[in-house]
Amino acid sequence: MKFGLFGFLFVMWILILVGGGITVMILGPFSISGFGELDWFIGSVIKAIVAIILVVIWILILSKLKNLIFRKEIKS
Amino acid sequence: MIELILPAVASCIVAFFVVFLMTPPLIKFLEKRNLTVKDVNKKEDVMVARPGGLSIITGIIASEIVLYAFLQSNEILAIIITTSAAFVIGYVDDRKVMGGWFKPVALAIAATPIIALGAYNSDLAFPLFGTVQIPVLYIALIVFMIPITGNTINSIDVLNGVASGFMVIASFSLSICLFIVQNYEIAIASLPLVFVSLAFYKYHKIPSKIFPGDSGALTFGAMYGTIAIVGGVEILAAIALLPAVINSFLFLSSVKKITEHRQIKNPTLMTPELKLKSTDDVSAPITLVRLIVASKALSEKQVGFVIFKLAIFSGILAIITAFMMGVSL
């Protein structure tokens, strides 16, 4: 059990590092043009949406991992 | 760097001794006024003084004012105002139980001084890959960060000494990370949190003489979150806080709604040998403590030490990550 929790922490850490890489590589260079002064705002909104999608994926992966690691212990 | 040693030492001494000396009279004052609650993890009817947030916030304000006298930075001002606002929100919740949405919404409002004072940098730094500019998204991050850190620390305040002990480890790890990334001013501004938590732990450790209450836990969490933002170490702070994040994550993924923790079923039971074991009630939420005692009943002290070991492990991961900040792929 205790190793399960340490493992879960480690996996969360790896997911943060990988998520950071994806964020920098996808969101960092992303820019939009053709909307004049709204370019900056629309670009930010799109970045926000992509970031939220990444967080949702992160939570879904953790939920699956939680069930995988703690299946025996969680009786619910 | 050398000129920062005096303010650092002075603020740490003030932080520690204000809490260390103020908490015993606060305990007497609360007991005299019958402001006590039952310690649910004890067999006998043990009543413990609550809330201890007043001594915590006094220590934080006094030490940060000392630092402000030396450094006069907006970042320290933002720490003082946002943390004080979080204390007031927690104190209101201590005196009158509010709905589940009260604290997140009120703490989001408490984050606005950080934005108003411009005490942030909208570049989000990631290890190995560099930074990403997210000006609009970063404002949303600030507004979300304070409620998350505040409620995360509040949700781990379930056993004697755990919230304050966990805060000592997490905030010390964060201070080391700030020194590693060479943000010395904020590193020094974060040290009072370590010493305030340490002084409070003396009275909060098992058997507790005082509980921090929502006012104390939200003060701890909000200050931690504010330091993460003004120090530009959001990712490192999140890593050092991972055990408490797991607790909130497990809780929310089993309850599936934002609710006041006093309104939910207890996920653990007490055995006749005074050990904690997981409840058989399938409708009770899954929490970090429930997972720790799922395979074997443990004493309150043993569970606390497992949580501290997890905090040390995540603190080490945060420090490794801080070193990785200087490396670029």
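## Where the two chains meet

Two residues are in contact here if their C-beta atoms, placed from the backbone, lie within 7 Å. With that in mind, let's walk through this predicted model. The contact between the chains draws on 29 residues from chain A and 32 residues from chain B. On the side of chain A that touches chain B, the elements giving two or more residues are helix 1 (2-27) and helix 2 (39-70) of chain A. Helix 1 of chain A supplies the largest share of that side, with 15 residues.

What sort of residues does chain A bring to this side? Sorted by class, the side of chain A that touches chain B has 17 nonpolar, seven polar and five charged residues.

## Chain A by itself

Chain A has a simple list of elements: two helices and zero strands. Of the 76 residues in chain A, 17% are buried.

## A helix pair in chain B

Now for a look inside chain B. Helix 7 (residues 162-180) of chain B and helix 9 (residues 213-230) of chain B have axes that come within 11 Å and cross at roughly 10°. Angles under 35 degrees count as roughly parallel, and helix 7 of chain B and helix 9 of chain B are therefore roughly parallel to each other.

Which residues bring these two helices together? From helix 7 of chain B come Ala163(B), Met167(B), Ala170(B), Ser171(B) and Leu174(B), and they meet Ala217(B), Phe220(B), Tyr224(B) and Ile227(B) in helix 9 of chain B. By class, this contact of helix 7 with helix 9 of chain B has eight nonpolar residues, one polar residue and no charged residues.

Note on methods: Residues numbered from 1 in each chain as written. Chains lettered and ligands numbered in written order. Predicted model: local features only at pLDDT ≥ 70, side-chain atom pairs only at ≥ 80, totals over all residues. Helix = DSSP H or I, 4+ residues; strand = E, 2+ residues; numbered from the N terminus. Buried ≥ 20, exposed ≤ 12 C-beta atoms within 10 Å, placed from the backbone. Nonpolar A, V, L, I, M, F, W, Y, C, P; charged D, E, K, R; others polar. Axes fitted to C-alpha atoms, helices over the stretch in contact; angles between N-to-C directions. Parallel < 35°, antiparallel > 145°, perpendicular 65-115°, else oblique.
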